Structures are given as C-alpha cells and as structure tokens.
Amino acid sequence: VEEQRIIRFAGNVQGVGFRFTTCRVAGSFDVTGSVRNCPDGSVECIVEGVPDEIAAFLQALEDRMGHFIRDRTEVSA
C-alpha cells in the first residue's frame with residue numbers, strides 16, 4: 001500500500017544543492033514526489049511510495065546530505 005509523507009528538513013539545506021541531490025537520490029528508488037525551498041529556510045519534500053522504498057530513499061538522502069540537516073520533521077498524509 002502506497003503512502004505519502006511530507007518531510008521538512010531544517011539546517012543548512014538551502015544553497016547547497018539539497019534539492020538537486022534529493023531528486024538525484026530519489027531516481028534510484030521507486031518513489032515520486034516533489035521538493036521545494038520554503039521561506040523559513042527549510043526544504044519540504046513530499047514523497048509517495050511503499051513504506052520500505054520511502055525509508056530506503058530517506059536513509060540514502062541522510063547518508064548523502066545528513067551533515068547539512070539539523071532537524072527533520074515528518075508527517076504521513
């Protein structure tokens with residue numbers, strides 16, 4: 001069963017290629033969605049797929065960009 005999650009990344013996540021890298025990493029997984037900069041300096045990622053694919057995608061993103069992330073909030077939609 002597919003689900004949608006809205007993830008907000010805070011930290012030094014704008015101006016460092018975070019959105020570009022998120023899209024590149026997502027291409028390796030069976031997920032769809034979007035990513036955008038928010039006015040408060042965070043980045044919002046909306047991702048859809050089966051839970052295991054979403055989890056693997058988020059782990060791969062953390063592995064690549066974790067040093068820029070100070071905080072992450074996640075909501076299932």
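Which residue takes a positive phi in the hairpin of E2 and E3? The residue is Gly41, with a phi near 95°; the points below place this hairpin in the rest of the chain.

1. Basis of the note. This is a predicted model, in which local features need pLDDT of at least 70 and side-chain atom pairs count only at pLDDT 80 or more, while totals for chains, interfaces and linings use all residues. Residues are numbered from 1 along each chain as its sequence is written, and side-chain values use heavy atoms, with hydrogens and water left out.

2. Overall layout. The chain has 2 helices and 4 strands, where helices (H or I, at least four residues) and strands (E, at least two) are DSSP runs numbered from the N terminus. Along the sequence they follow the pattern β-α-β-β-α-β. The C-alpha atoms fill a box of roughly 35 × 25 × 15 Å along the principal axes. The radius of gyration is 11 Å, which agrees with the value near 11 Å for a compact globule of 77 residues; this radius is taken over C-alpha atoms, and the globule rule is 2.2 Å times the number of residues to the power 0.38.

3. Of the 77 residues, 34% count as buried. Buried means under 20% relative accessible area, exposed means over 50%, and partly exposed lies in between (1.4 Å probe, protein chains only). Among contacts (heavy atoms within 4.5 Å) with a separation of 6 or more, 72% come from residues 24 or more positions apart.

4. Strand E2 (residues 32-37) pairs with strand E3 (residues 43-49) in the antiparallel sense, over 6 bridges. Two strands pair if DSSP finds at least two bridges between them. Val35 has Cys45 in E3 as its bridge partner. Between the two strands lie 5 residues, and Gly41 has its positive phi in this hairpin.

5. The other strand pairings. E1 is antiparallel to E3, with 7 bridges, and Glu3 stands opposite Gly49 in E3. E1 also runs antiparallel to E4, again with 7 bridges. Here Gly11 stands opposite Ile69 in E4.

6. Helix H1. The buried residues of H1 are Phe18, Thr21, Thr22, Val25 and Ala26. Viewed down the axis of H1, these residues fall within an arc of 135°, so they line one face of the helix. The arc is that of the directions from the helix axis to the C-beta atoms. On the other side of H1, Phe20 and Arg24 are exposed. The cover over the buried residues of H1 includes E1, E2, E3, H2 and E4.

7. Helix H2. This helix (residues 51-65) has 15 residues and reaches 21 Å from its first C-alpha to its last, close to the 21 Å expected at 1.5 Å a residue. The expected span is 1.5 Å times one less than the number of residues. Its buried residues are Ile54, Phe57, Leu58, Ala60, Leu61 and Met65. They fall within an arc of 160° when seen down the axis of H2, so they line one face of the helix. The face turned away from that buried side carries the exposed residues Asp52 and Asp63. Strand E1 (3-11), helix H1 (18-26), E3 and strand E4 (69-76) are included in what covers the buried residues of H2.

8. Side chains of opposite charge can pair when their charged atoms come close. The whole structure has 7 salt bridges, each being a side-chain nitrogen of Lys or Arg within 4 Å of a carboxyl oxygen of Asp or Glu. Glu3 forms one with Arg5, the closest N and O atoms being 2.5 Å apart. Glu3 is partly exposed at 25% relative accessibility, whereas Arg5 is buried at 13%. In another, Glu44 and Arg36 have their closest N and O atoms 3.0 Å apart. Glu44 is buried, with a relative accessible area of 14%, and Arg36 is partly exposed at 42%.

9. A salt bridge from strand to helix. Arg72 forms a salt bridge with Glu62, with 3.3 Å between the closest N and O atoms. This pair links distant parts of the chain, Arg72 in strand E4 and Glu62 in helix H2, 10 residues apart. Arg72 counts as partly exposed at 31% relative accessibility, and Glu62 is partly exposed with 27%. Through shared partners, salt bridges join Glu3, Arg5, Glu62, Arg72 and Glu74 into one network.
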